[in-house]
Every structure is written in structure tokens, then in C-alpha cells.
Amino acid sequence: MTDQTVDAPLETDKRRDPPVTQELARAEQGRGRIEGAVHVDLKHDSAVKHVTGRAEYCDDIPEPAGTVHAYLGLSTRAHARLSNIDLSAVEAAPGVLGVLTVRDIPGVNDVSPTGRDDEPIFAEDKVEFWGQPIFAVIAETRDAARRAAKLADITYEDLPHALDPDAARAADMGYVTPPLTLRRGDAKAAMERAPHRIKSRMKVGGQDHLYLEGHIAFAIPGEDEDVIVHSSTQHPSEAQHMVAHVLGVPSNAVTVNVRRMGGGFGGKETQMNLFCAVAAVAAKKWNRPVKIRPDRDDDMTATGKRHDFVIDYEVGFDDEGRILAVSGDFAARCGFSSDLSGPVTDRALFHADNAYFYPDVLLNSHPMKTNTVSNTAFRGFGGPQGVIAAERMIEEIAYTLGLDTLDVRKRNFYGTEDRNVTPYHQTVEDNIVGRVVEELEAGAEYRARRQAILDWNAKGGIIRKGIALTPVKFGISFTATWYNQAGALLHIYSDGSIHLNHGGTEMGQGLNTKVAQVVADELQVDVGKIKITKTTTEKVPNTSATAASSGSDLNGMAAQDAALQIKERLIEFAAERWQTEPSKVRFVPNAIEIGTETIPFADFIREAYMARVHLSAAGFYKTPKIHWDRATGKGRPFYYYAYGAACSEVSVDTLTGEYRVERTDILHDVGRSLNPAIDRGQVEGAFIQGMGWLTTEELWWDEKGQLRTHAPSTYKIPLASDRPRVFNVELASWSENREKTIKRSKAVGEPPFMLGISVFEALSHAVASVADYRICPRLDAPATPERVLMAVQRLRGED
């Protein structure tokens, strides 16, 4: 790979087939290729709108006359009984119409996504975390509502609180959802036989989503029981069901619309339910449009984040560094309610192997109840916390035996014919991690650079360098099998223009662009002829969340199904109308070829309309082969795996603990990419976000349970200046999904997030140099400069 910045065009590695570039696409279009087919670079359909500020979000919707605003009144205790709630000053404040409390909920006071009835909209008898909603103010302006919300006079009777997994265990808080055990073989016996054993602990921090657009919901009341809710949610169907549940009406009375989101990352999968419900209840009570939008401080305080974990692990291995046995206990800070903590902690166990085979293994999850906001989905959905545990064990083995961490990794990779069964008993059938790592190792010149770093560090000095090459193997599918389905609605109008709607939501990841490319490719029309409209529960029902990296897999296949239905009707019509065989009817670029005659697409569609051909179809798709039995811990929860690898180099100032990322090289597997330009952007963004999780992004609660890092002033995401000085990103263009996914592509949203672990491991390598690489630094995450400095001092003392 060549040294280049992220802004420079990537040079094609001649060892691999190059992706189709925009220039090649234009040339092929001139020879009769449609614009915007699959497997070509195509800019995001809203790219220009994004950078010019013309993209419309929920808060940009024109407010009808009579619109009022809601704001939440939040608790100022982590755990307390509500002795008295006096809202008279709130109701008397200027511009206030009234307040909502638990007594105003016409249906059920619960928005738990798993139906456990443990997540009230408004607290009733007690509060269980600092920032829990107690009431909502409805006022003529947002400013009036915000000011009034601060006037409540609430008397608390404080109760003991537990803020982290260790404190929760000590207080016997229990679990928010049943734990999971994964077992294969006899880990205890194998551990006892192992020549080497290491037992230790790792703490892994959480992460705030910090989406650019915060939570927002805008409810407009209709006649009878009807209400329309515009929202920034990744899961319109769930928001629909929750609003109906809270209002006590059937789901068909509630419509949820999503045009686009300004980022989601999992934080808008379930957390928007609260805001949609409050807006809808207020809209129906006062029969006026109601908008609710918290400020950033309250958004971060009152909504869930990535789960932080305390991981106790033990690994047994031989003299060559091959793993013989693994046991692990993964305790998570889940918060006061279940939310999605069950599947998140499950997935942490699913990925505790990363790309490595464990002959005998025992893994347990501990989803601990704590007096903090309920944590929720975040890119990777527990997977990153599992992967980093696997990488820590690799690191422990390498430093114990004096080996290169990459050599230990390669010795423990899953095999193809044997050593290929996961802790949950799924056989890895599509293993390409070895090829990905070998190509990156050579292209990034890992061996030569590592030796140069060893030579540099051997001189001593203040600045120490580190390098690490880490892989990822990430399973793709919702582990809740029923979520692996999608629908789409496709219309072709009589003028040949096409209207497409599907159940996925656009949050900047380019889903709409990719799905439009699929339809364009199937019907052989320019992508500009296709218009994708807002996601709405009115058109596609019972949709799944746009999450688990499944958006293109599911919705692309559903849209393709709809296109194929219409295509089949059109071929049948053409064969009958022109008296020919169906095999002689071909869809060619922007036209239909019938025998020797070529008819422009729009003209042909007009003919079909006049012949009363049905030009609309509802597509559907469900993922095959997958199944999962949680009780036994066995099954095939994932349809396939996505692979990748990253090599990162860092420099560390051992006097201050400050560091910078000098270079990162990435090779990532996306199968046959639907859109290489968008996929590269996803890889780059996921890496930076993963790097931020493990370096600068630290969540901190004080002893009273108040989140103190609740704004960008105190919570530090990576800046543009924090990106690697040299940043090389390539897609494994030779890869093709062996499963029948949409155009043989692979998911890209979550897997590259874990490539940021390469930076964390490189920091560890630099720190280890101060003790001549004989001691594993055992950094906790995030590896802030303070933690790096303390690790340097600790290793010098131990050495």
C-alpha cells in the first residue's frame, strides 16, 4: 500500500481486481451502461444537500399553526422515592399550557422494547437514575417549556444506589434480563492441563452516540384516534407500536414518518420511543401539534449509551502460543431497565472469540442492573466489547512468551476444514481472515516497520512507538431471528418514472442510494429515474430496525423482489403483445429489447399501462438458514461473516501519556461492494469512531450518580486532527459473499468499527517497550493519556 492521506484518491493495488471507478462507469455508460448500476462508485443521493445545509431533518418541517413544545422534567437523584411532586410553579410559568405526568397516560406507562414492562415514560413512586423523566411541560415555545421544567419542587427520599457492575454485584442488584452461557468442551479440565495459564481482568468503557442531530419527535393529531409522528428514529415500526401502546389505540391509528436522520449509530433504535410517546400523548390531549427536542446536555443524560463491561478472563495456552482453553465472565452496566441489554450482552459473548478458535470454552454474561440510564444499542451491539477481550488474551500470551502478537494471532485463527466451530456451535464456512491479514501484512510492510520500531525503542528516549495488526470476524444478522425480514413497495408510473419505498431508514450511511442502485440494475434504468421517499409505516408495515448492519442486505433484497415481480409481468406482457418467446425479451440500458426491436423504457411502460399491466409490487425478504436456541446456547445466529484487518502505528510521549496515530492501513471485506465509494466512507468512519471509543471518549459519573460528561465540552470525540497522519483504506475487491446476499455484497456498517482496536493494541505495544516487552500493560479502555501515563509508570516500577 502507498502512503496517502484519507483525502487522496486511493491507488489500486495491482494484486487485486480494481473496483469499478466513476470514470470507468461513465465510459461504460457511453457504450450502453446505465448510470448508477451496482458495484460502481455513486455519490450519496443527499451528499450535496448535506454539505450545503439543504437536507431537511425533522426539526426543519414547517410547523403548522398552533404548534406547541414539550420539554422533560428530569430527576436529580440516582435512586430515591418520590415523597412529593409540586408542579404548581411549573404550571404557572409564562406560556405554559400544562404538564403531563403518569396520570395523563391513557394507555400503558411503558416503552420497554422487549415488553418487560420495566421502562416507564414517567416515574411514578421512585426514580432509578439521575435524569429519569418525571413529567413533561407543554408550552407555547420551546424556551418557555425549558425554563418552566426547572421550576418543579420535588421532595426525594434517597435510597442506596449502585453505579457500576462491581457495585451492583456487591449490592445484589441482580440482572435486568436473564444471562447467557456459551459452552463447548470442558474449559475447566482443559485449563488445568494447559502448560501456561493467565487470569486477569479488563475494564472496557462505554460510549455516547453523539449524533449530530439529537432526539426529536413532532406529533400532529388527526381525527378520531389518529396521530402522525415525524421522528428521527431507526425503528419506525417500534415507535408506532409504542405510541399505540401508550395511547391505548391500535397500531393502525399511528403513522410514523422518517425522512432522514443526522446520525443514529444505534442510539435511535429504542431511545426515541420516549420522545415519540410524549409528543403523541400531548398532541392528543391538547389537540395541537407538539414538538419535543431536548438540548444536548439532557439528551446525553436521559438516553442510553454503549454498555461498559468488566471482563474477568482466564486463558490456557501452550509453548507456541496456541490457545487451549478460555473462560470469561462479562459483566455489563445495563442501567435501570432491560432495554436491549439482553441481546447486547449475548452478542458480546458471540464475538468473544473474534477470529480465533477456542478448543474448550466457557463464557457467561452478567447483565447487571445499575442506577444509571439504561444502556442501549451502539454500532457493533456488544460485539466490540467481546472482540477486545479476545485481543487482550492474545496480547497476554504474546508478552508472556516473548512473541510477536501477530504471530500469536495467526496461530489461533479459525481453520477451514477443522478448528472451525464457534463457542455457539456455528461452523465458520466462509473463512477468509488468513488471506485478508496476509495481504495487509505485506502491503503495510508490517514486519519491516515493526523491526524499525523495536530498533527505535531500544535507544530509550521519551517518545516510544508501537504497532499492531488486528483482525475482525463479525457475524451478520439480527440474533432475534424474527427481525431478519424486510419489505419494499415499488411503483412504476405511466411516464416511466419509478417510486421506491422500503422499511429501512437513512441516517447518512447511504442505504437509500444502495437500494436505488439495486432497483436501477434490475430494471436497467438510470438511477436518476428512481425516487426514494421517506420511510413511513403507512407504506411498509412491521419493519425491523435499521441496525445490525443489515439495512442493505434486507431492504435491498426486498426491493429486488418487488422489481422482479414487475419485471416478470412486463416480460409476460411483451411476449404476448409482440408474439415472441419470453426468453427474447431483454431489459437493456433504458430500453426493452424484444427480438430485434428496441423500445425506450418510458414508451414501453406506457404501452404496458394501456394494456392494464399492474405496475406496482410489494417485495419481501427473509434471511434463510439462520436459527438460534438461547436456552442451549447453540445454533446458527449469523447468515455469514464479514472480515477485515487494520495495521496502526502510534507514537507515545512517556512523560505525559499523550500520543498520536502516525499511520493506519486497512483492508476490509465487503463482498462484491454495491457502492465502493460509500463502503469506503463507512470503513473510514467506523474506524475513527472505534478509535475514539478506545482513546478519548470517556463517560464519567460522580459519586451521586450524575453524568458529568454530558456535552462536547467534557466528552471528547475524535477531531479531524486526531485521524491517522497517513490513512490507507482499501476494500478486498476479490471477495464475493458465498451466500446469496444482495448482489453478493456484505454488510459494512459495524464490522470495521472493531478495526479501531489496532490503535489500542499499538498503544499497548508502545507502553510495553518501557519494560522490554516482558509485561502486558493491561490497559483499560479508553486508553486516555492519563491511563497511558499510569501504565508507563506502573510497568517501570514492576520492571
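Mentor: Before we start, buried means under 20% relative accessible area, exposed over 50%, and partly exposed in between, with a 1.4 Å probe and protein chains only. This is a predicted model, in which local features need pLDDT of at least 70, side-chain atom pairs count only at pLDDT 80 or more, and totals for chains, interfaces and linings use all residues. Residues are numbered from 1 along each chain as its sequence is written, and side-chain values use heavy atoms, with hydrogens and water left out.

Trainee: Is Arg636 buried or exposed, and what is its relative accessible area?

Mentor: Arg636 meets Glu429 in a salt bridge at 3.8 Å, N to O, where a salt bridge is a side-chain nitrogen of Lys or Arg within 4 Å of a carboxyl oxygen of Asp or Glu. Glu429 is partly exposed at 41%, whereas Arg636 is buried, with a relative accessible area of 13%.

Trainee: How many residues apart in sequence are the parts that Asp346 and Arg630 tie together?

Mentor: The closest N and O atoms of this salt bridge are 2.7 Å apart. Asp346 lies in helix H10 (residues 341-350) and Arg630 in the loop between strand S25 (627-629) and strand S26 (634-636), so the pair ties together parts whose separation in sequence is 284 residues. Helices (H or I, at least four residues) and strands (E, at least two) are DSSP runs, numbered from the N terminus.
In short, the separation is 284 residues.

Trainee: Which residue forms a salt bridge with Arg778?

Mentor: Arg778 is partly exposed, with a relative accessible area of 34%. Its partner is buried at 2%, and the closest N and O atoms are 2.8 Å apart in the salt bridge of Arg778 with Glu396.
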